[in-house]
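I opened this notebook to record what I looked up in one structure. The entries follow the order in which I consulted it.

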Amino acid sequence: MTSKWFFFSAASLSAVVAVAVTRDVDNSLLKSHTDALQKAPSISIAFTVNRLGSEIQDEKLVISKPGLVRWETPAKIVIANGTTISEVDRKSNSYTETDQTPESLKAVFGDDVIWAWSAMVDAQFTKPITDAKTGASRNVKGAAVKELTTARKDRLVTLYIDNKLGFARGGTFESESGGQKVTNVVLASEIEVGKEPLMASSTAFTLPAGAKKMEKAAGLTFASVRPILQASCGCHMGGPKGGLSLSSYANVMKGGRSGPAVNPGNADESILIQVITGQRAPKMPPNGAVPTDKLATLKQWINDGAKE
């Protein structure tokens, strides 16, 4: 999609995210959100993510008791079937797999885009929340909602709690991309609350046809990915070119004119991956492409924390 939302200005959204909250962890609206989701047997949510200034991105999330998840974005599909968690690269139709544990499931919901809905499967959802403040009532795309600004350490997320559903149908938060703060708007267009849990064998929790398993590399360090950078990004392995050198871990972390080349823990938001996949100009390498398996290794290194 290329359309933009105009019902809030960037300035007003930033102001919402920047609200100073006071200690109110026992907030009734937060309790409503948590209780409503924890009582739901299953939910299916079609929503959009708008990083202001960029195109709107369509995504979908399905959650079912007791810990089944399917999250679809244009770039990936994450599936938790109760035993394993698979992450599918949609372009190559290949996937990596890891054991499903409470910790690994919580990591899936570590992205603020879907964090609010993790209350359905995370009994400790409110534990990291240090503050919560009820805000203004408003109408968002025809739905009556009330703002709820939550604080977790250094993160603020303002949720839009649907008056009828009792839980969030979206919200706003800030992220960093290319060294700049970006306001993100998440808003559901469709929400369906199921009457009973879904089966793990449901098509919602099965892999796409023909998906090829890629062995997940363990213990990756910069030394593990440097040969990939050398082979695919050789022009940046000496002195800085275009302001960027990839010759050392320190240089990768420093990045170039647009900021750090990688965002540890989030490959999709890393400039290095964005230019390799063509999501950000200029596409690199200019001629050819990084092999699928090598790209998967780079992503895994970053998602595992981009260790030195």
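**Entry 1. A charged pair**

With which residue does Arg155 form a salt bridge? I found that the partner of Arg155 is Asp112, and the closest N and O atoms are 2.2 Å apart. The pair links distant parts of the chain, since Arg155 lies in strand β9 and Asp112 in the loop between α3 (102–108) and β7, 43 residues apart. I noted the rule for the term: a salt bridge is a side-chain nitrogen of Lys or Arg within 4 Å of a carboxyl oxygen of Asp or Glu. Helices (H or I, at least four residues) and strands (E, at least two) are DSSP runs, numbered from the N terminus.

I then looked up the accessibility of both residues. Asp112 is buried, with a relative accessible area of 7%, whereas Arg155 is partly exposed at 32%. Here buried means under 20% relative accessible area, exposed over 50%, and partly exposed in between (1.4 Å probe, protein chains only).

**Entry 2. The source**

The model is predicted; local features need pLDDT of at least 70, side-chain atom pairs count only at pLDDT 80 or more, and totals for chains, interfaces and linings use all residues. Residues are numbered from 1 along each chain as its sequence is written, and side-chain values use heavy atoms, with hydrogens and water left out.

**Entry 3. Further salt bridges**

I recorded a count of eleven salt bridges by this rule. One of them joins Lys213 to Glu97, with the closest N and O atoms 3.2 Å apart. Lys213 lies in strand β12 (residues 212–213) and Glu97 in strand β6 (residues 94–99), so the pair ties together parts that are 116 residues apart in sequence. Both residues are partly exposed: Lys213 has a relative accessible area of 40% and Glu97 has 28%. I also noted a network of salt bridges that links Arg70, Glu72 and Arg90.

**Entry 4. Strand β8 and its partners**

Next I examined strand β8 (residues 143–152), in which eight of the ten residues are buried. Strand β7 (residues 131–140) pairs with β8 in the antiparallel sense over eight bridges. Two strands pair if DSSP finds at least two bridges between them. The two strands form a hairpin with two residues between them, and Lys141 in the turn has a positive phi of about 50 degrees.

Arg138 has Val145 in β8 as its bridge partner. Arg138 also forms a salt bridge with Glu147, the closest N and O atoms being 2.7 Å apart. Glu147 is buried at 8% relative accessibility, while Arg138 is partly exposed at 28%.

Strand β9 (residues 155–162) is likewise antiparallel to β8, and eight bridges join them. I noted that Thr150 has Val157 in β9 as its bridge partner.

**Entry 5. The cavities**

How many cavities of 30 Å³ or more does the structure hold? I recorded two. On a 1 Å grid over the protein atoms alone, a cavity is a set of points where a 1.4 Å probe fits but cannot get out, and lining residues have an atom within 4 Å of a point. Grid points are joined across faces, edges and corners, and a volume is the space filled by probe spheres set on the points.

The largest cavity has a volume of about 90 Å³. Of the 14 residues that line the largest cavity, the closest to its centre are Asp112, Val113, Ala116, Leu159 and Gly170. Strand β10 (168–177) and β9 each supply at least two lining residues, and the largest share, five residues, comes from β10.

Key
On a 1 Å grid over the protein atoms alone, a cavity is a set of points where a 1.4 Å probe fits but cannot get out, and a pocket is an open set with protein on both sides within 12 Å along at least five of seven lines; lining residues have an atom within 4 Å of a point.
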